[in-house]
Amino acid sequence: MPNLSLPFLGHGGDYNPDQWRDRPDILAEDIRLMKLAGCNLMSVGIFAWSALEPEEGVYDFGWLEEVLDRLHTAGIHAFLATPSGARPAWMSQKYPEVLRVRPDGGRNLHGGRHNHCFTSPVYRGFVNRMNTALARRFGNHPAVVGWHISNEYGGDCHCELCQQAFRDWLRDRYGTLDALNHAWWTGFWSKKYTDWSQLHSPSPVGETAIHGLNLAWQRFVTHQTADFIRAEAAPLREAAPQLPVTTNLMEFYGQLNYFELSEQLDFASYDSYPRWGGPDDAQTAVGAAFNYDVMRCLKQKPFALMESTPSQVNWQPVCKLKKPGMHLLSSLQAVAHGADTVQYFQWRKSRGCAEKFHGAVVDHVGHEHTRTFRDVQDLGEALQALNGLQGTMPDTKVALIFDTENRWALEDCQGPRDDLKYLDTALEHYAALTRRGVDVDVIDETRDFSGYRLIAAPMLYMLRPGVAERLTEFVRGGGTLVCTAYTGRVDQDDLCFLGGFPGPLREALGIWVEETDGLYDGETNGIRMDGAVYSCSTLCDLIHAETAQVAGTYEKDFYAGRPCVTRNDFGDGAAWYIATRPDAAFLDAFYSEALEAAGVAPLLPELPAGVQAASRGDVLFVMNFSGRPASVTLPEGTDVLTGKPVGGEVELPVNGIAVVARK
Ligand code: GLA
Ligand code: ZN
């Protein structure tokens with residue numbers, strides 16, 4: 001499997017010269033500006049289908065060859081994109097089956113992008129011919145260092161071709177209708193299927209009540225998208241086996257299971273658009289870091305930051321400019337968490353259409369004398385100073401499980417309240433762990449748990465086969481496991497475990513959950529623990545400690561005094577149950593002790609609020625998102641950005657960052 005093995009940290013962005021083919025002066029100027037900005041890596045050809053195949057079967061690759069040659073001559077590398085993220089109008093007009101069908105059965109009109117059926121043999125045929133031609137022509141071009149396939153895969157299609165593929169997939173998965181009916185509990189509301197042809201995707205004008213069906217459809221959409229990616233990549237891999245394949249993924253994206261999808265990729269790449277300059281950059285930084293950690297864990301190797309904006313976006317309700325220092329800080333945050341590139345959407349602002357006011361390195365004014373351009377130049381210099389970091393990883397002893405299939409099940413569970421706050425809860429645990437200054441892997445249920453000392457698994461509602469057993473082994477072998485409310489309720493088909501929750505985790509956790517109370521937004525209970533009282537919200541499990549020790553109790557309501565936090569010493573490890581959604585103060589106190597007990601040392605002894613730390617190999621990043629100057633105590637070493645020795649107490653300015661090569 002080829003890697004993203006760049007001899008440098010990549011810097012560049014989406015480059016769309018196909019929009020400027022009548023302006024050779026601008027295309028020439030682009031190269032001058034790229035060198036001036038310290039850019040060495042462009043992504044070319046995304047959405048270029050109508051320029052590459054202006055009419056059916058007529059390919060025009062000459063312009064692309066010129067672009068790649070020019071980049072190469074200038075010492076700039078390229079990810080070459082396949083254009084399947086959007087289609088030319090002639091294709092939709094002649095072959096309407098390539099267009100997506102909505103859940104209500106209506107077929108979309110031509111328009112937008114990402115608007116295609118993943119099953120259509122016609123579309124797959126066009127993609128295959130295009131990718132074969134691109135790969136044969138450019139697979140050995142010296143500028144090309146990897147394939148950027150399509151763009152931000154997402155969504156689903158409900159056409160008859162997809163329905164048939166869904167039925168075939170179901171037959172493979174369940175074997176018999178009896179097995180499917182049992183797994184989906186179709187005795188309920190007279191739902192039993194008696195023929196495979198009766199099966200249909202969930203729809204607001206049809207079936208939504210069978211949770212097993214809803215889950216199966218979401219799994220099928222990931223499967224079918226992965227299958228489409230496999231088909232897209234096949235001709236690329238055949239003609240140019242040395243080039244790695246990636247596609248750009250999205251933040252917090254819940255409709256595809258990225259952990260499964262990334263099996264098709266050689267490395268992960270990511271489009272990052274945090275709301276810098278919003279009400280709380282420190283909070284925004286937590287979400288950004290979380291996503292980067294997911295990206296690093298998808299392949300357990302560095303990823304590409306394929307897109308980010310050098311200034312503002314144009315699609316948030318309010319689009320803030322990046323304040324001074326934020327471009328360097330936010331870009332190096334991605335690098336700190338495992339990005340081997342920093343790339344932008346896009347290199348040069350489009351003149352028209354939907355993204356003409358989206359931030360870009362080169363503005364409509366056309367020259368380099370802008371604040372944004374200078375920010376990009378500065379980052380280019382910083383990346384130069386950090387060269388050599390590519391390929392390195394943190395030594396992570398802590399993992400947080402955030403599982404997409406579990407997220408699907410929780411979002412659909414019709415449990416004790418609307419919105420069970422899975423993502424918020426996961427982010428709260430992640431924030432508390434990272435506030436302690438430790439590197440965290442964000443993984444899903446399917447990943448290897450051995451090697452970690454502490455695993456936080458908030459709200460692991462759905463346990464797929466073997467997961468509880470592997471977590472139990474993890475604890476038995478000396479690990480610390482932290483579970484929370486609503487854990488261990490259903491199996492992989494969303495059937496409840498019989499015989500007492502948390503189902504197959506009951507032994508390791510040493511508790512039984514009898515009931516769960518839903519709390520209104522704004523309603524709280526309290527947790528009394530170690531002489532302090534903390535607040536909690538959303539869900540309160542009413543539990544019985546079986547073999548576990550009670551460490552904290554509820555403060556209010558008819559269940560006041562009953563166990564809320566328990567610890568079960570099991571084998572050589574410990575399994576905690578926090579039966580509710582505690583506040584940040586609780587999580588801070590809890591994880592301080594739990595990490596220490598688990599023998600996980602922080603990267604820095606003390607982190608002021610809003611300051612983050614992350615590491616790659618021996619290099620430590622300390623990043624100030626707090627919005628005010630912050631004083632931190634750095635280890636002895638070299639400041640990689642300045643080349644000077646550092647160590648001891650230093651003041652980081654607003655949006656300041658220190659990168660220290662530790663002795
Ligand atoms: C996404 C897309 C890009 C562009 C940016 C704008 O990430 O991949 O083509 O639309 O958003 O922020
Ligand atoms: Zn379809």
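This is a predicted model: local features need pLDDT of at least 70, side-chain atom pairs count only at pLDDT 80 or more; totals for chains, interfaces and linings use all residues.
Helices and strands here are DSSP runs, numbered from the N terminus, and a strand takes at least two residues.

Gly518 is found in strand S14, which covers residues 511-518. If you look past the neighbours within four places in sequence, Gly518 is in contact with Pro416, Glu523, Thr538 and Leu539. Take Leu539 from that list: Gly518 and Leu539 are 21 residues apart along the chain, yet their C-alpha atoms are separated by 4.9 Å.

Now step back to the overall layout. The protein is divided into domain 1 (10-161 + 210-385), domain 2 (398-598) and domain 3 (611-662). Between domain 1 and domain 3, the C-alpha centres lie 32 Å apart. Their contact draws on 23 residues from domain 1 and 13 residues from domain 3. Together, domain 1 and domain 3 bury about 1,400 Å² between them, and 66% of that area is on carbon and sulfur atoms. How many salt bridges does the count between domain 1 and domain 3 give? The count is 1 salt bridge. Elsewhere on your tour of charged side chains, have a look at Arg616 and Asp340, which meet in a salt bridge with an N to O distance of 2.6 Å.

Aromatic rings deserve a stop of their own. The model has 34 aromatic pairs, counting rings whose centres lie within 6.5 Å. Why is the pair of Phe166 and Trp217 classed as edge-to-face? The ring centres are 5.0 Å apart and the planes stand at 90°, so the pair is edge-to-face, because planes over 60 degrees apart fall in that class. Phe166 lies in helix H6 (residues 160-174) and Trp217 in helix H8 (residues 211-239), so this pair ties together parts that are 51 residues apart in sequence. Phe166 has 0% relative accessibility and so counts as buried; Trp217, at 5%, counts as buried too. Ring pairs also link Trp49, Phe118, Tyr123, Tyr153 and Phe228 into a cluster.

Arg129 lies over the face of Phe126, at 4.9 Å from the ring centre. In another such arrangement, the charged end of Arg470 sits over the ring of Phe449, 4.3 Å from its centre.

Conventions. Residues are numbered from 1 along each chain as its sequence is written. Chains are lettered from A and ligands numbered from 1 in the order in which they are written. Side-chain values use heavy atoms; hydrogens and water are left out. Rings of Phe, Tyr and Trp (its six-membered ring) pair if their centres lie within 6.5 Å; planes under 30 degrees apart count as stacked, over 60 as edge-to-face and the rest as tilted. Helices (H or I, at least four residues) and strands (E, at least two) are DSSP runs, numbered from the N terminus. Buried means under 20% relative accessible area, exposed over 50%, partly exposed in between (1.4 Å probe, protein chains only). A charge sits over a ring if NZ of Lys or CZ of Arg is within 6 Å of the ring centre and within 35 degrees of the ring normal. Domain bounds come from an automatic or database domain assignment. Contact means heavy atoms within 4.5 Å. Buried area is the accessible area (1.4 Å probe) that two parts lose on being put together, summed over both. A salt bridge is a side-chain nitrogen of Lys or Arg within 4 Å of a carboxyl oxygen of Asp or Glu.
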